[in-house]
Amino acid sequence: MGSRLISQAFSKPGYFWPRPSAVKYDASAAGGSNLSPAGPEVRQRAMQTVKDFGADSRRPLPADLAATSGSGLDPFITQRAALFQAPRVAGARRLALPDVETAIRRHAAGQQTFLSDEGLVNVLALNMELDSMQKNSIAPRR
């Protein structure tokens, strides 16, 4: 449960994870950290985020998953960021990867921004759809 307007801290492997939050997803403390992007605190957080996502030089982390948003509560990630996470989510949920990727593309369709035509995905809405897919007896991958 939650709001599609405010990011939440999903952390289980079977869920898509949002962008990092400088305010720990606390809506009463919305805002950035005011830390220098070149400072050691931001670098350390970014390195931990890269590690948490299992990214490396062969599979680099999409930028929006490494950087916090201005409010710390952005409920969207790029389609690229969602597709990056798709293998982990599909494996944890025992769903076929193409089914998860189709859900991502469906959510991103029509959500283009002026900065990109890639499309944005609402993390909560996508996670809720995957929960629904499992409840409605979509056969798990064997």
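Rings of Phe, Tyr and Trp (its six-membered ring) are taken as a pair if their centres lie within 6.5 Å; planes under 30 degrees apart count as stacked, over 60 as edge-to-face and the rest as tilted. A search of the whole structure on this basis finds three aromatic pairs. Phe10 and Tyr15 form a stacked pair, because their ring centres are 5.5 Å apart and their planes lie at 20°. Trp17, Phe53 and Phe84 make up one aromatic cluster.

The model is predicted: local features need pLDDT of at least 70, side-chain atom pairs count only at pLDDT 80 or more, and totals for chains, interfaces and linings use all residues. Residues are numbered from 1 along each chain as its sequence is written, and side-chain values use heavy atoms, with hydrogens and water left out.

Charged groups also meet these rings. A charge sits over a ring if NZ of Lys or CZ of Arg is within 6 Å of the ring centre and within 35 degrees of the ring normal. Arg59 lies over the face of Phe84, 3.8 Å from the ring centre. The ring of Tyr15 has the charged end of Arg93 over it, at 4.7 Å from its centre. Tyr15 has a relative accessibility of 22% and so counts as partly exposed. In these terms, buried means under 20% relative accessible area, exposed over 50%, and partly exposed in between (1.4 Å probe, protein chains only).

The protein chain holds five helices and two strands. Helices (H or I, at least four residues) and strands (E, at least two) are DSSP runs, numbered from the N terminus. Their order from the N terminus is α-α-β-α-α-β-α. Of the 142 residues in the protein chain, 37% are buried. Contact means heavy atoms within 4.5 Å. Among contacts in the protein chain with a separation of 6 or more, 64% join residues 24 or more positions apart. The accessible surface of the protein chain is about 8400 Å², and carbon and sulfur atoms hold 55% of that surface. Areas come from the Shrake-Rupley method with a 1.4 Å probe; for residues, only the protein chains shown count as cover.

Helix α5 covers residues 123–135. The expected span of a helix is 1.5 Å times one less than its number of residues. For the 13 residues of α5 this gives 18 Å, and the end C-alpha atoms are 18 Å apart, so the two agree. At the start of α5, the backbone nitrogen of Leu124 has a side-chain oxygen of Asn122 within 3.1 Å. Buried residues of α5 include Val123, Leu126, Leu130 and Met133. An α-helix has 3.6 residues a turn, so residues three or four places apart point the same way. The buried residues of α5 pack against β1 (76–78), α3 (79–93), α4 (97–108) and β2 (120–122).

Helix α1 (residues 40–53) contains Arg43, and Thr49 also belongs to α1. Arg43 is exposed, because its relative accessible area is 57%. Thr49 is at 10% relative accessibility and therefore counts as buried. Beyond its neighbours within four places in sequence, Thr49 is in contact with Pro20, Leu61, Leu65 and Ala66. Arg43 and Ala66 are 23 residues apart in sequence, and their C-alpha atoms are 10.0 Å apart.

Arg94 is found in the loop between α3 and α4. Arg94 is not a glycine, yet has a positive phi of about 60°. With 42% relative accessibility, Arg94 counts as partly exposed.

Technical notes: A polar contact is a pair of N or O atoms within 3.5 Å; within protein, one must be able to donate a hydrogen and the other to accept it, and residues adjacent in sequence count only if both atoms are side-chain atoms.
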